[in-house]
Amino acid sequence: MSKKLRWAIVGCGVISTTHAKAIQAAPSAELVATCDIIPERAQKLAEEYGASYWCEDYTELVKRDDIDVVSVCTPSGLHLEVAEAAAKAKKHVFTEKPLEITKPKIDRMIQVCHEEGVKLGCVFQMRTYANNKAVRQVVQEGKLGKMVLADAYMKYYRSPEYYKSADWRGTWELDGGGALMNQGVHGIDLLLWMAGDVESVVAQTDHLVRDIEVEDTAVAILKFKNGAFGVIEGTTSVNPGQGARFELHGNDGTVILRDGKIAAWHVPDVPQPGTEEESGSGRAHSDPTAITATGHIFLVEDMCQAIFQDRDPYITGESARKAVDLILAIYESSRTGKRVYLD
Ligand SMILES: NC(=O)c1ccc[n+]([C@@H]2O[C@H](COP(=O)([O-])OP(=O)(O)OC[C@H]3O[C@@H](n4cnc5c(N)ncnc54)[C@H](O)[C@@H]3O)[C@@H](O)[C@H]2O)c1
């Protein structure tokens with residue numbers, strides 16, 4: 001009989017049910033504990049998904065010796081404090097995107113997990129979908145030739161009520177940004193994963209419509225390390241929201257992804273993949289709760305296997321930080337009016 005790893009979820013809001021479903025569905029995981037500062041939320045999640053323990057203080061939760069992995073589902077700017085407490089108690093850390101919202105906090109999260117000898121995995125479910133993997137593969141193998149343009153367009157809708165639905169949404173302190181740091185971070189991570197690292201960026205961001213501190217709209221011009229140019233457009237203020245679009249062009253080929261589906265495939269000698277993959281993004285461009293658990297299930301099981309096999313998880317802290325580093329560079333460029341170079 002294969003061993004199951006015992007998982008806890010800290011933060012029992014919108015995304016926590018996707019974690020609970022994924023932990024339930026993954027063959028090597030079981031949910032044993034939940035935690036939220038709002039105790040009713042912790043209790044409800046525990047009862048619905050069969051966890052035997054719930055509490056309102058994660059510092060108590062991490063003291064338990066019947067927990068192996070902690071899913072961090074708190075507001076983005078509170079990921080580090082939970083991750084650090086878990087790591088110091090020798091629990092593996094599986095955190096929601098974005099990893100954290102500032103460079104020093106990300107440095108610390110990676111460092112403490114390393115020092116304590118625990119795994120650090122991050123959720124970017126778009127990296128698990130077959131079409132996205134196929135596109136990455138042909139770009140990385142040079143099948144499109146020399147890369148010329150790599151673009152991500154994320155034109156979403158979030159209502160005024162969405163920003164009022166929790167105090168932390170739309171704040172610098174806990175959301176760390178808006179259309180890019182919260183919603184667009186998925187697509188930015190995917191763009192970097194498919195097309196490679198960015199060398200520099202020039203950008204403009206603002207809140208054009210919503211009454212929030214952070215940006216609801218952003219545009220950025222990228223220069224990739226491989227020499228290509230690219231564009232990022234992100235918003236949460238167009239109605240109706242559109243599915244994300246990724247356009248990758250080289251001097252030998254072109255691939256376009258629209259809402260998770262392949263909309264154009266011109267790749268010499270490589271047939272278009274036949275998958276009509278579960279994109280999970282069905283209505284998520286307009287409804288933040290419309291997320292399927294497929295990607296989370298893959299990532300939860302992978303995290304378990306990474307622990308069993310003592311290997312890196314599918315999405316490491318080091319690779320998950322790249323999207324945040326680029327978003328922070330975009331914000332800096334917008335603030336200063338200058339081109340910003342990434343480290
Ligand atoms: N992968 C995805 O597609 C996806 C989708 C939604 C959210 N997320 C990420 O998940 C995280 C949570 O987002 P959400 O929409 O579920 O937020 P939410 O506000 O619905 O839930 C957050 C929960 O954390 C609780 N909390 C706050 N401080 C806490 C603490 N110190 N200890 C324990 N619990 C605490 C809150 O009471 C709340 O119930 C964010 O980082 C967000 O970016 C990812």
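Domain bounds here come from an automatic or database domain assignment. With that in mind, the protein chain is divided into domain 1 (5–122) and domain 2 (126–286 + 323–341), and the C-alpha centres of the two domains lie 27 Å apart. Their contact takes eleven residues from domain 1 and 13 residues from domain 2, where two residues are in contact if their C-beta atoms, placed from the backbone, lie within 7 Å.

Before going on, a word about what you are looking at. This is a predicted model, in which local features need pLDDT of at least 70, side-chain atom pairs count only at pLDDT 80 or more, and totals for chains, interfaces and linings use all residues. Residues are numbered from 1 along each chain as its sequence is written.

Let's turn to the sheet. Six strands form an open sheet in the order 3-2-1-4-5-6, with parallel pairing; strands pair if DSSP finds at least two bridges between them. Strands (E, at least two residues) and helices (H or I, at least four) are DSSP runs, numbered from the N terminus. At the edges are strand 3 (53–55) and strand 6 (120–122), each pairing on one side only. Inside the sheet, strand 4 (residues 69–72) pairs with strand 5 (residues 92–95) over four bridges, and valine 72 stands opposite threonine 95.

Helices join the picture too. The table gives angles between N-to-C directions, which run from 0 to 180 degrees, with axes fitted to C-alpha atoms (for helices, over the stretch in contact).

| Helix | Partner | Angle |
|---|---|---|
| Helix 2 (residues 39–49) | strand 2 (29–35) | about 160° |
| Helix 5 (residues 103–116) | helix 10 (residues 317–336) | about 175° |

How do helix 5 and helix 10 run relative to each other? They are roughly antiparallel, a label for angles over 145 degrees. Their axes are 10 Å apart. Among the residues that meet are Ile106 and Met109 in helix 5, and Val324 and Leu328 in helix 10. By class, this contact has six nonpolar, one polar and four charged residues. Here Ala, Val, Leu, Ile, Met, Phe, Trp, Tyr, Cys and Pro count as nonpolar, Asp, Glu, Lys and Arg as charged, and the others, Gly among them, as polar.

Finally, the ligand. Of the 25 residues around the ligand, Gly11, Gly13, Val14, Glu96 and Ala166 come nearest; a residue is near if its C-beta atom, placed from the backbone, lies within 6 Å. This shell divides into 15 nonpolar, six polar and four charged residues.

Methods
Parallel < 35°, antiparallel > 145°, perpendicular 65-115°, else oblique.
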